[in-house]
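Dear colleague,

Here is the structure I promised to pass on to you.

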Amino acid sequence: MEDHQLVLYRKYRPKSFREVKGQDHIVRALISALEAGRVSHGYLFSGPRGTGKTTVARLLAKAVNCEQKGSGEPCNACGICEEFLRGSALDLIEIDAASNRGIDEIRELREAVRFAPHRAKRKVYIIDEVHMLTREAFNALLKTLEEPPKHVMFILATTDPEKVPDTIRSRTQHFEFHRLPVSVIQERLEELAQKENIKHEKEVPHVIALLSEGSLRDAESMFGQLLGIADKEIITSEDVSILFGLPKAGLVAKFSSALLHGDIKTAFAVIEQSLEQGVDPKMFNKMAIEDLRTALLLAINMAYENELKGTFSDERIAFLKNLAKKAGVKKIELALVPLLEAYHSPHTTVLPQIPLELAVLRITQTDQNQLIS
Ligand SMILES: Nc1ncnc2c1ncn2[C@@H]1O[C@H](COP(=O)(O)OP(=O)(O)OP(=O)(O)O)[C@@H](O)[C@H]1O
Ligand SMILES: [Mg+2]
Ligand SMILES: [Zn+2]
């Protein structure tokens, strides 16, 4: 299991900007800066975990030092690129601010930046989780950022940009990384499966993409875990459910259908059943939301079916089409709003199913006439 995870993780970290997914706004800006030779001395990369901050930081460090001038992309062939690819470049210094928070560490860094690079044009410091620095450390860093030696470049990365002082932010170019859309993650997993020659049931990449909350790293690592347990011909949706605690097949469908029929009893029973299966109610809710949203899109336009064919099984599509036809746009909307509110309600540790149950009550009690009879 460990093996496959490692393989996926190492093997597929992008080596060029064009392989970076879903962050086009950032990649485009960096490529033009590289082409124009106007790369800044300080960057701040912020965004959720596993969305490409460290990946892009390392790419930028490599590209700015690549000996082959051209497109902005690193050539991946010159001596410098090779050093970076091997992970042995002395001029790339990665610091984890979570464990080097203090003034002493930053003072050391201020001393060190004065020395010229070993081989590269620019010494690149990547400071990860930079929001963890103490105030004194930030002040010390600010002094360096105000007058950086020509041969250095700082890339600060953080999942929590609010905690980075304005003074630091205004000295850097700030790029915000986005959560990756389900479709992008799904595509990436399909690509990995093909490259690794892994067979899977059609819905598997989609379900993992949905689970990963926009983090490609989480998605890749979940996929790796699956490869570990599935020493069989094909990875099934059942494998995904068992490994990641998802509701058994059909349970979410039963719930969505009960909601639209105003059937409180069944809806509550299904929530109970999913809890017994060890499913996180929030995840269950998310899957129901997806069901209803897909039904909504079908109710608006049945031709949407064509876009579902690559992702969902025929049974699931037939079920959703039927639901869409019977319920219609208005009724689905009526059910969707409370579910969304429940999804965003603060997490309760006592009886975590309560937000979902309250949503069921709201949906089924609002106006019985509006539900499918
Ligand atoms: N935008 C992306 N495009 C392609 N691969 C990505 C992307 N984001 C993440 N990955 C994959 O996930 C792995 C981890 O990504 P990375 O280390 O860049 O995330 P991060 O944003 O720095 O996360 P953290 O905040 O946890 O440090 C990469 O090796 C790569 O395989
Ligand atoms: Mg990182
Ligand atoms: Zn190169």
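By class, the shell around ligand 1 holds five nonpolar, eight polar and six charged residues, where Ala, Val, Leu, Ile, Met, Phe, Trp, Tyr, Cys and Pro count as nonpolar, Asp, Glu, Lys and Arg as charged, and the others, Gly among them, as polar. This is a predicted model, in which local features need pLDDT of at least 70 and side-chain atom pairs count only at pLDDT 80 or more, while totals for chains, interfaces and linings use all residues. Residues are numbered from 1 along each chain as its sequence is written, and chains are lettered from A and ligands numbered from 1 in the order in which they are written.

Of the 19 residues around ligand 1, the nearest are Gly 52, Lys 53, Thr 54, Thr 55 and Arg 217 (a residue is near if its C-beta atom, placed from the backbone, lies within 6 Å). The elements giving two or more residues to this shell are α3 (53-65) and α10 (216-229), helices being DSSP runs of H or I with at least four residues, numbered from the N terminus.

The protein is divided into domain 1 (23-176), domain 2 (182-244) and domain 3 (251-370), with bounds from an automatic or database domain assignment. Because domain 1 and domain 2 both give residues to the shell, ligand 1 lies between them. The centres of domain 1 and domain 3, taken over C-alpha atoms, are separated by 45 Å.

UniProt, in an unreviewed entry, places the feature "domain: AAA+ ATPase" at residues 39-182; such annotations may be inferred rather than shown by experiment.

Best wishes
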